[in-house]
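Dear colleague,

Please find below the structure that I am handing over to you, with its sequence.

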Amino acid sequence: MNYAATSPRTSPAVTEGLVCHLRQSMNLSAGRNFEGLDDGAIALRARRVLAHLFNVSAPERVIFTSGITASMNMVLNGLLKEGDHVLASGVEHNAVARPLEALRRKGVIEADYLPCGADGVISTQGLSRAFLPNTRLMVLTHASNVLGSVQPVRECFAIAKEHGAFTVLDSAQTAGVFPLSMDGVTDVLAFTGHKGLRGLAGIGGFALSEGMSERMAPWISGGTGSASQSLEQPDFLPDKFEPGTPNTLGILSLALSAEEILSIGVGSIRAREAALTAKFICLCRSIPGLRIHGTADASRSAAIVSVDSPGADVGVMAARLYYEHGVITRSGLHCSPLAHKTAGTFPHGTLRFSFGADTTEDELLYAAEALKKIL
Ligand SMILES: Cc1ncc(COP(=O)(O)O)c(C=O)c1O
């Protein structure tokens with residue numbers, strides 16, 4: 001019940017593919033590995049499938065990094081200039097808030113966090129007033145990793161566009177489990193491999209809308225195996241933003257898992273997760289003394305349910321759930337103090353349950369029963 005942190009495992013088919021790649025790539029002289037593909041061909045296969053999944057019209061606009069933390073640092077530092085103003089939500093993860101705060105403390109930018117309701121959702125009413133003449137960027141997490149609440153991203157980003165601001169989406173809790181279309185919605189979509197995309201940890205990236213690459217400076221530079229006669233970073237994609245030796249095993253895990261997700265259908269994964277979330281919220285409501293945070297509407301929530309109980313320590317609750325009942329959850333602030341300030345659960349935090357499409361109803365019943373016993 002801790003899928004929002006890292007998905008518990010790659011599927012047997014993905015694991016099989018990765019093992020096969022490792023065996024074949026040990027024969028270095030062959031220069032070929034998984035299914036006879038070299039590193040470049042594996043990366044192209046992954047770019048193509050992710051471009052399909054996120055509706056990006058050109059695969060080279062899908063860039064690989066180690067995850068959203070690296071992507072956000074590259075995008076924010078590559079895009080923002082002195083004097084820029086940035087808007088983010090009041091439920092951002094530290095992967096967004098810390099790089100923004102670092103830029104703010106250096107005196108490069110100003111940043112404002114948009115107030116959200118206690119359910120973690122930004123109100124679009126009056127949102128226009130938050131834009132200043134120098135607002136250059138709006139960055140939003142698609143779904144809060146603490147509260148599950150899904151932001152009205154289309155509406156918020158449409159307003160940002162009216163004000164001439166760039167838009168960046170953190171899809172950590174939604175990529176692979178929510179239908180996501182990048183083109184026409186956001187300028188940058190940052191993704192991570194180790195949650196809903198069901199790949200390995202340490203791989204992720206960002207996708208850029210058309211023309212966005214020209215507006216962003218490479219924040220990291222180095223060898224790309226291309227244009228090596230020059231001391232300057234290449235300006236073509238994907239090399240502009242992918243210096244250094246690639247994490248081919250991670251990239252392959254994304255290619256294989258995203259292919260699997262497409263064959264299952266993101267719509268059916270989402271429907272299953274929404275049904276599980278609705279069921280678990282309902283079970284939690286019947287537990288005396290338990291408070292549920294975030295939106296009570298599962299159709300507007302990722303598969304995350306955060307709870308606490310007055311007078312009970314969430315760390316102790318998590319430990320007892322694990323040691324006495326074998327239920328894995330996560331307690332505390334979940335790297336998002338902003339979300340807890342919004343929900344009124346700072347600094348004690350919450351106990352967070354999170355599911356995947358393969359979670360069973362019996363597991364939900366068991367977890368709810370265990371929670372009831374502990375309380
Ligand atoms: C909403 C959100 N953003 C960003 C991140 C960081 O992602 P990564 O692990 O890929 O750096 C997480 C992961 O916990 C997250 O939940």
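C335 lies in the loop between β10 (330-332) and α10; helices (H or I, at least four residues) and strands (E, at least two) are DSSP runs, numbered from the N terminus. Residues are numbered from 1 along each chain as its sequence is written. Please note that this is a predicted model, in which local features need pLDDT of at least 70 and side-chain atom pairs count only at pLDDT 80 or more, while totals for chains, interfaces and linings use all residues.

Although C335 is not a glycine, it has a positive phi of about 60 degrees. Most residues other than glycine have a negative phi, and most peptide bonds are trans. C335 is partly exposed, with 17 other C-beta atoms within 10 Å. Here a residue counts as buried if 20 or more other C-beta atoms lie within 10 Å of its own, as exposed if 12 or fewer do, and as partly exposed in between, with C-beta atoms placed from the backbone.

R198, also not a glycine, has a positive phi of about 55 degrees. This residue lies in the loop between β6 and β7 and is buried, with 28 other C-beta atoms within 10 Å.

Two cis peptide bonds deserve mention. One joins L237 and P238, with omega about 0 degrees; P238 is found in the loop between α6 (212-215) and α7. Another joins F346 and P347, with omega about 5 degrees, and P347 lies in the loop between α10 (337-343) and β11.

**The sheet and its helices**

Seven strands form an open sheet of mixed pairing, in the order β1-β7-β6-β5-β4-β2-β3; two strands pair if DSSP finds at least two bridges between them. Because β1 (62-65) and β3 (109-114) stand at the edges with a single partner strand each, one side of each is left without a neighbour in the sheet. Neighbouring strands of this sheet are turned by 20 degrees against each other on average, direction ignored.

Strands β6 (residues 188-192) and β7 (residues 204-208) run antiparallel and are joined by five bridges. In β7, A207 is the bridge partner of L189. Helix α3 (residues 68-79) packs on the sheet, where it touches β1, β4 (135-141), β5 (166-170), β6 and β7, and its direction makes about 155 degrees with that of β6. Contact requires C-beta atoms, placed from the backbone, to lie within 7 Å. Axes are lines fitted to C-alpha atoms, for helices over the stretch in contact, and angles run from 0 to 180 degrees between N-to-C directions.

**Helix α11**

In α11, the residues L364, A367, A368 and L371 are buried. They cover an arc of only 95 degrees around the axis, which puts them on the same side of α11; the arc is that of the directions from the helix axis to the C-beta atoms. D362 and K373, on the other side of α11, are exposed. The buried residues of α11 pack against α8 (266-285), α9 (314-325) and β11 (350-354).

**Domains**

The domain assignment of the protein chain gives domain 1 (12-264) and domain 2 (266-374), with bounds that come from an automatic or database domain assignment. Their C-alpha centres lie 27 Å apart. The contact takes 27 residues from domain 1 and 26 residues from domain 2.

Yours sincerely

Conventions: Two residues are in contact if their C-beta atoms, placed from the backbone, lie within 7 Å.
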